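Welcome! Take a moment to turn the model around on your screen before reading on.

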Amino acid sequence: METETTEDTSTTGLDETGASAKEALKKDILENLIRHQAHGPKYATSGDWWRAICLAVRGRMMERASEVHTSHYNQNVRRVYYLSLEYLMGRLLENNLVNLGLLKDCQEAISELGQDFDVLLEEGPDLGLGNGGLGRLAACFMDSLATLDLPAVGYGINYEFGLFRQKFIHGQQAESPDEWRRFGNPWEICRPEYSVEVPLYGHVENQFDELGQGRPVWTGTRSILGVPWDIPIVGYGGSTVNYLRLWESTASRDFDLDIFNRGGYVDAVREKAESESISKVLYPNDSTEAGKELRLVQQYFFVTCSLQDIVKRHRRCNDTWDSFPEKAAIQLNDTHPAIAVAELMRILIDDELLPWDQAWEICGKTFAYTNHTLLPEALEKWSVPLFEKVLPRHLQIIFEINKRFLEDVVEAKWPGDHHKKAEMSLIEEGAPKQIRMAYLAVVGSHTTNGVAALHTELLKKDLFSNFYALFPERFQNKTNGITPRRWLKACNPELSGLIDESIGSDWPADLDRLRELEKFADDPAFQERFMTIKHHNKEKLAALIQERCGIEVEPSALFDVQIKRLHEYKRQHLNLLNILTQYRRLLQNPDLDVVPRVFVFGAKAAPGYELAKEIIHAINAVGEKINNDERIKGKLKVAFLPNYGVSSAEIIIPASDLSEQISTAGKEASGTGNMKLALNGSLTIGTLDGANVEIGEEVGDDNIFIFGLTVEEVESLWKSGYCSIDKYWEDTELRAVLDWLASDSFAPRGSFDRIRHSLLDGGDPYLVLADYRAYIETQEKVDEAYRDRARWARMAILNTARVGKFSSDRTIREYAEEIWKLPQVQV
């Protein structure tokens, strides 16, 4: 599945008229200014120029997309359909130019038109379609699917507001709408002709035919409309363009004129407002019953829209349902789309009138499921009463799936074992009963995969141990990956240029070629150039920190970076305890010889996750104190960048010296930030968790800083009766910094009681105190290594050279060959 690539000039350098790519771009950009922005160059704003460039690039992508899709249609190809509630796409212009081989031409064209290309890039908003690693992984996968010339469609929701915009008020997170679509998005194309109707609520009746045969009918439903918007995704080299299809919810009837004329002005548009709320925001707060209901409706909405669209595609080229699994491979990205199993069954048995056994066989051959979490509380469950209210027919289908599974499959494996049936039931007993959506995904799929070697072993051993015993052949590992096009070539152009010069320019499509950099690891001249590039990137990040946080930092300091979703298991508060420890030591001895550090954070906390929000407040409060304390002579600085997203990551990651991957062993499924940072020459300090294990295997023990309890030691510690208060009393330095945090030194007393309670009275569920001392000691080893510039440079170069395994191209090849059975297609 290799594909030839181009450098940063178009494939031929000429368009079909014989004009150079640069001149053709200039012509199209100027025409777009007038035709679409109604401005000539003299009066055009930066936003006008940006949209004109985007439309010129999109036009080239659409021309290729038309050719590719005609070819796919004529060949009646097998296609993968990727269902994900998140796609963290970032900005698209630069990435699309890189993949089309037009970046240099466009930069020159814009310069000749009198504009600053870098300024125009900043005009584009990050697409507000995701939150964290799950969505970024999906975006990388879409890039790799197109790069490898694999027919694919990504399905998701076209959120109006995305997650939220984050700002800090007195150090505390405040959320506001992320209005990324407010002024339109030049990359998306509305396809109203492919709109689908979505039924909700209602009830189920038995209807009888003339022979007295009854069948359940879902009736009395409320309908909303799903309208698709397509975003073209071009692969590296430009040979394939796939689509990301995103659904927007609208009312099936926008306006009731009769009610309006009777004076019911609000009621006249109530249905419109309620319908449109479904695609308003990503992950509505589910701390209320209304929030839970909206989440369930949202998940079903995008699943049924997508499945109906897949069915329509199938019917255009195929006459029978038996061929459906041969033409459609549907991947469920985590448990959010798990309702797809019941929905496809409903379509097949209710709408298409297929017998149950045939429908179930089709489902089992069509779906595959990726699990992304080891946290039982993160595996979605829905109460039976809520399901009965929103999706009454699906509840019946799930009950029937469960009955047949327990009576026919589990009973055959474990005859008479009622305890085993209770453990494996799709329905969890209790008040109220709960539907285990992850179990539904496992039972309804031909393959379940984890996303790192350790994660997959823990799935088989713990989370899905019974299912692994029942279906061992269904479990696989597919270690996550990242696209090197965005996460090195585009975001770190200086380093990319050095690599091109050293080993050639085709590495973005074959990341294993970076191994050839190993021979330069001990070369003083190469080390100097590598570290000079790192310093330039740190200067850019320092400018961003000054702009966003008002904090002046020194680029020569060690940049210590933790950028990821805020959750207790990711242990940003362990990092905080280290900062407090270093600060306390400096106050005790201001002349202490330490490596100056800048601690950089980027993270959002879920609006209803109070402890996570308190950790953000604590980091900001401690940082405020440290940043303004002249006694420590600038040796420590703390910067928490607000509203962390892809665009800020593209500045932070190339500048990072140290990558904080410090989750509790056995809690992180994989992580992909660790891969991006290592690729850009940032050394990892981390536990043996998730993909850290495999990164360590690739880069070597001498080029990574590993600390803390292993998975086995974590299990043993809990079994032996871990008591965090013992750790508190045993370690005087730990006790001092915890007491210091709880005092009024950084904020009014009581501000951080949740953190203290979690770590002490709450039993320290993520073993922060258990790993504290090992973490502090390993940070001292980091200091020692950083003082030796040649040693650090060598380690950084070897990290970049040895992480080729973590290309998302490798991951997608494995999915295509081992799960989807997707043949390469001629395009």
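Predicted model: local features only at pLDDT ≥ 70, side-chain atom pairs only at ≥ 80, totals over all residues.

Two packed helices are described by the angle between their axes and the distance between the axes.

| Helix pair | Angle between axes | Axis distance |
|---|---|---|
| α9 (residues 289-317) and α11 (residues 340-351) | about 45° | 10 Å |
| α11 and α12 (residues 356-366) | roughly 140° | within 9 Å |
| α22 (residues 572-588) and α23 (residues 610-627) | roughly 20° | within 10 Å |

Let us begin with α9 and α11, which pack at an angle of about 45°. That angle makes α9 oblique to α11, and the crossing is right-handed. From α9, the residues that make the contact are Tyr300, Val303, Thr304, Leu307 and Val311, while α11 brings Ala340, Glu343, Leu344, Arg346 and Ile347. Sorted by class, the residues of this contact are seven nonpolar, one polar and two charged.

Helix α11 also packs with α12, and their axes cross at roughly 140°. These two helices are therefore oblique to each other, and α11 passes α12 in a right-handed crossing. On the α11 side you can find Val341, Leu344, Met345, Leu348 and Ile349, which meet Trp356, Ala359, Trp360, Ile362 and Cys363 of α12. What classes of residue make up the contact of α11 with α12? There are ten nonpolar residues, with no polar and no charged ones.

An angle under 35 degrees counts as roughly parallel, so α22 is roughly parallel to α23. Their crossing is left-handed. Gln572, His573, Leu576, Ile579, Leu580 and Tyr583 of α22 meet Ile615, Ala618, Ile619, Val622, Lys625 and Ile626 of α23. By class, this contact has nine nonpolar, two polar and one charged residues.

**Cavities inside the model**

How many cavities of 30 Å³ or more does the model have? The count comes to three.

The largest cavity has a volume of about 90 Å³. Its lining is made up of Met89, Leu92, Asn95, Asn96, Arg136, Ala139, Asp143, Ile233, Val234, Thr483 and Arg486. The elements α3 (93-100), α6 (133-147) and β9 (222-234) each give two or more residues to this lining, and α6 gives the most, with three. By class, the lining of the largest cavity has five nonpolar, three polar and three charged residues.

The second largest cavity has a volume of about 60 Å³. Among the residues that line this second cavity are Lys564, Lys570, Gln661, Ile662, Asp689 and Asn692. The classes here are one nonpolar, six polar and four charged residues.

**Two backbone details in loops**

Now zoom in on the backbone. The peptide bond from Ala431 to Pro432 is cis, with omega near 0°. You will find Pro432 in the loop between β14 (427-428) and β15 (434-436).

Where does Tyr201 lie? Tyr201 is in the loop between β6 (196-200) and β7 (203-208). The phi angle of Tyr201 is near 65°, a positive value in a residue other than glycine.

Notes. Residues numbered from 1 in each chain as written. Heavy atoms only, no water. Axes fitted to C-alpha atoms, helices over the stretch in contact; angles between N-to-C directions. Helix = DSSP H or I, 4+ residues; strand = E, 2+ residues; numbered from the N terminus. Parallel < 35°, antiparallel > 145°, perpendicular 65-115°, else oblique. Left-handed = near helix turned anticlockwise from the far one by under 90°. Contact = heavy atoms within 4.5 Å. Nonpolar A, V, L, I, M, F, W, Y, C, P; charged D, E, K, R; others polar. 1 Å grid on protein atoms, 1.4 Å probe; cavity = no way out; pocket = protein on both sides within 12 Å on 5 of 7 lines; lining within 4 Å. Points joined across faces, edges and corners; volume = space filled by probe spheres on them.
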